[in-house]
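The following paragraphs lead the reader through one protein chain, from a single contact to the overall arrangement. Please keep the sequence and the structure in view while reading.

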Amino acid sequence: MTEVFRFGLVPIACRARNEDRSQVALSLNNNEVNIYGRAASEWKLQETLQGHDLRVTGIDWAPSTNRIVTCGAVSLLCI
């Protein structure tokens with residue numbers, strides 16, 4: 001059965017889950033990555049990762065090492 005969860009009113013730009021699907025990392029179209037953990041029938045915010053200057057564009061969660069890799073937008077200056 002499909003479950004619907006709401007993480008805010010803005011679009012989710014990217015997301016990744018850990019191996020056992022008990023946690024999800026997502027970016028709400030900004031420069032932060034929020035990590036939520038499953039608590040009973042809802043998701044609770046556990047951690048917020050910061051470090052990108054611009055919007056996060058990709059997230060991957062390695063199953064064997066449990067490491068999260070992110071990439072972000074790049075600003076270009078043309079003169």
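**A guided reading of the chain**

A salt bridge joins the side chains of Glu42 and Lys44, with 2.8 Å from N to O. The structure, which is a predicted model, holds one salt bridge. Glu42 counts as partly exposed because its relative accessibility is 37%, between the limits of 20% and 50%. Lys44, with a relative accessible area of 43%, is partly exposed as well.

The secondary structure may be considered next. The chain has six strands and zero helices, and its pattern along the sequence reads β-β-β-β-β-β. Taken along the principal axes, the C-alpha atoms fill a box of roughly 55 × 30 × 20 Å.

How are the strands arranged? Four strands form an open sheet in the order 1-2-3-4, with antiparallel pairing. Strand 1 and strand 4 are the edge strands of this sheet, since each pairs on one side only. From one strand to the next, the twist averages 25°. Within the sheet, strand 2 (residues 23-27) and strand 3 run antiparallel and are joined by four bridges. Leu26 has Asn34 in strand 3 as its bridge partner.

Strand 5 and strand 6 (residues 68-72) also pair in the antiparallel sense, over five bridges. Ile59 has Thr70 in strand 6 as its bridge partner. Together, strand 5 and strand 6 form a hairpin with six residues between them. In the turn of this hairpin, Asn66 has a positive phi of about 60°.

The interior comes next. In soluble globular proteins, nonpolar side chains tend to be buried together. Which residues make up the largest nonpolar core of this model? The core has eight residues, namely Cys14, Ala16, Ala25, Val33, Ile35, Val56, Ile59 and Trp61. Strand 1 (14-17), strand 3 (32-39) and strand 5 (56-61) are the elements that give two or more residues to this core. Strand 5 provides the largest share, three residues.

Neighbours within four places in sequence being left aside, Ala25 is in contact with Cys14, Arg15, Ala16, Val33, Asn34, Ile35, Ile59, Trp61 and Ile68. A second, separate core has five residues, among them Val24, Leu26, Leu28 and Tyr36. In the chain of 79 residues, buried residues make up 23%.

The aromatic rings provide a further view. A pair of aromatic rings is described by the distance of the centres and the angle of the planes. A search of the whole structure finds two aromatic pairs. One of them is formed by Phe5 and Trp43: the ring centres lie 6.1 Å apart and the planes meet at 85°, so the pair is edge-to-face. This pair links distant parts of the chain, since Phe5 belongs to the segment before strand 1 and Trp43 to strand 4 (residues 42-50), 38 residues apart. Are the two residues of this pair buried or exposed? Phe5 counts as partly exposed at 28% relative accessibility, whereas Trp43, with a relative accessible area of 13%, is buried.

A final figure concerns contacts along the sequence. Of the contacts in the chain with a separation of 6 or more, 29% are accounted for by residues 24 or more positions apart.

Methods:
Residues numbered from 1 in each chain as written. Predicted model: local features only at pLDDT ≥ 70, side-chain atom pairs only at ≥ 80, totals over all residues. Heavy atoms only, no water. Core = buried A, V, L, I, M, F, W, Y, C linked by side-chain atoms within 4.5 Å. Buried < 20%, exposed > 50% of the residue type's maximum accessible area, 1.4 Å probe, protein only. Contact = heavy atoms within 4.5 Å. Phe/Tyr/Trp six-rings, centres within 6.5 Å; stacked < 30°, edge-to-face > 60°. Pairing = 2+ DSSP bridges. Axes fitted to C-alpha atoms, helices over the stretch in contact; angles between N-to-C directions. Salt bridge = Lys/Arg side-chain N within 4 Å of Asp/Glu carboxyl O.
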